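Student: I have a model open and I'd like to learn how to read it. Could you walk me through a few features?

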Amino acid sequence: MDPDEELAIIILMMDYFYRKLRSASRVPQQVSNFSGHNHMIDLLHGNDRRFVDILRMPKSCFIRLCGLLQQNGVRNTRSLSVEEQVMMFLLVVGHGDSSRRSGYEWHHSTETVSRHFNNICSRIVGLAPQLIGPLDFNNIPPLIANNSRYFPYFRDCVGAIDGTHIPCIVDAHLQPAYRNRKGYTTGWEGSVHDARVLREAMSDPAFSFPTPPGEKYFLVDAGYANRRGFLSPYRGTNYHLRDRRRLGGDRKKELFNYRHASLRNAVERTFGIWKSRFRILRGVPHYPLRTQRDIIIACAVLHNFLMMSDDVDVSVTAEEDAHDEDDMDQGGDTIGQDAAPSTQQEEGHQTEMGRFREALTESMWACRNQN
């Protein structure tokens with residue numbers, strides 16, 4: 001046997017023993033006997049507080065959610081029950097976990113977790129028409145009906161509208177357009193104005209935007225036009241009354257802006273609770289852009305589902321401002337003049353809503369002086 005053959009045999013033998021040693025020392029990724037099913041049972045029958053901390057909702061809400069999703073097509077599979085599928089989804093959106101980490105937690109492959117995550121997400125998004133938007137335009141919200149600061153002035157208010165930014169991941173060549181003023185990328189062109197987003201939502205039939213009927217309206221901030229269906233504050237007048245400095249101005253309009261801001265602020269607190277409950281909204285993982293969008297919608301659906309439940313102890317109610325209205329000389333942010341309408345129809349709507357706002361302001365001021 002020549003030296004080259006001997007060398008080749010030695011190399012083959014070394015490679016063989018190396019592979020044997022490597023396979024003998026390899027440890028499987030899933031070594032625990034505590035399966036995903038057992039993990040689900042442990043959570044369902046365990047401490048209630050722990051359940052809420054992990055899955056972001058009480059057990060009673062979780063059971064109702066699973067029943068609702070079963071009605072919408074979610075089924076048990078050979079290896080996963082509906083409850084386990086929903087738990088895996090809630091763990092990801094509630095804590096921002098990756099599919100890989102969730103797979104370690106539930107003893108399933110990354111592919112299995114990802115597949116069921118997408119399925120549950122799409123089923124929850126399918127509930128959006130039922131759970132996003134005003135359910136009844138005829139009822140007066142208790143927050144308004146039971147507070148003399150708001151009733152009867154805002155009795156036709158059906159809600160509040162505002163925008164918020166959710167960080168997302170887009171392709172590198174799109175990042176400059178999607179980067180917002182805070183420096184991160186969002187799901188729409190980052191510099192787009194809130195009013196344009198609303199206009200697009202109202203003009204596209206696919207969104208089925210719930211336009212308020214008749215004299216009903218949403219409260220909006222100064223970034224939106226004061227037009228039919230949308231009541232904005234006075235511009236050029238103090239709005240956020242935070243400071244104690246004495247400033248001049250139209251006190252009637254300041255009173256209106258004060259109460260308008262106090263009531264509209266419910267939507268700001270809603271955004272805060274929403275982002276706190278679903279931590280994935282602090283930075284959606286690197287899914288396709290469409291999936292990132294669906295995750296955001298699904299979290300909004302889940303939030304509304306929970307807020308409609310009597311079992312959830314987090315209530316979004318307008319808090320009484322620490323400052324008294326008698327101290328109206330407090331300063332605050334002053335907002336600019338009303339934007340010019342873009343069409344003749346919008347001009348008519350703004351004139352109509354402007355007269356309505358003036359009448360509301362006069363009534364509010366007269367009643368305050370009587371008291």
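This is a predicted model: local features need pLDDT of at least 70, side-chain atom pairs count only at pLDDT 80 or more; totals for chains, interfaces and linings use all residues.

Student: How many residues does helix 13 have, and what span does it reach?

Tutor: Helices here are DSSP runs (H or I, at least four residues), strands are E runs of at least two, and both are numbered from the N terminus. The expected span is 1.5 Å times one less than the number of residues. Helix 13 (residues 266-277) has 12 residues and reaches 16 Å from first to last C-alpha, close to the 16 Å expected.

Student: Which residues of helix 13 are buried?

Tutor: Buried means under 20% relative accessible area, exposed over 50%, and partly exposed in between (1.4 Å probe, protein chains only). In helix 13 those buried are A266, V267, F271, W274 and R277.

Student: Why do they line one face?

Tutor: An α-helix has 3.6 residues a turn, so residues three or four places apart point the same way. Looking down the axis of helix 13, the buried residues fall within an arc of 140° (taken from the directions from the helix axis to the C-beta atoms), so they line one face. They pack against helix 5 (82-95), strand 1 (157-160), helix 12 (251-264) and helix 14 (289-307), where contact means heavy atoms within 4.5 Å.

Student: What about ring pairs?

Tutor: Rings of Phe, Tyr and Trp (its six-membered ring) pair if their centres lie within 6.5 Å; planes under 30 degrees apart are stacked, over 60 edge-to-face, the rest tilted. That rule gives 11 aromatic pairs. One of them is F209 with F230, tilted, at 6.4 Å centre to centre and 35° between the planes. F209 sits in the loop between helix 11 (194-203) and strand 2 (217-219), F230 in strand 3 (residues 230-231), 21 residues apart.

Student: Is F209 buried or partly exposed?

Tutor: F209 has 22% relative accessibility, so it counts as partly exposed. F230, at 2%, counts as buried.

Student: And which side chain does H39 contact?

Tutor: A polar contact is a pair of N or O atoms within 3.5 Å; within protein, one must be able to donate a hydrogen and the other to accept it, and residues adjacent in sequence count only if both atoms are side-chain atoms. The H39 side chain makes one with the side chain of E105 (3.1 Å). H39 lies in helix 2 (residues 36-44).

Definitions and conventions. Residues are numbered from 1 along each chain as its sequence is written. Side-chain values use heavy atoms; hydrogens and water are left out.
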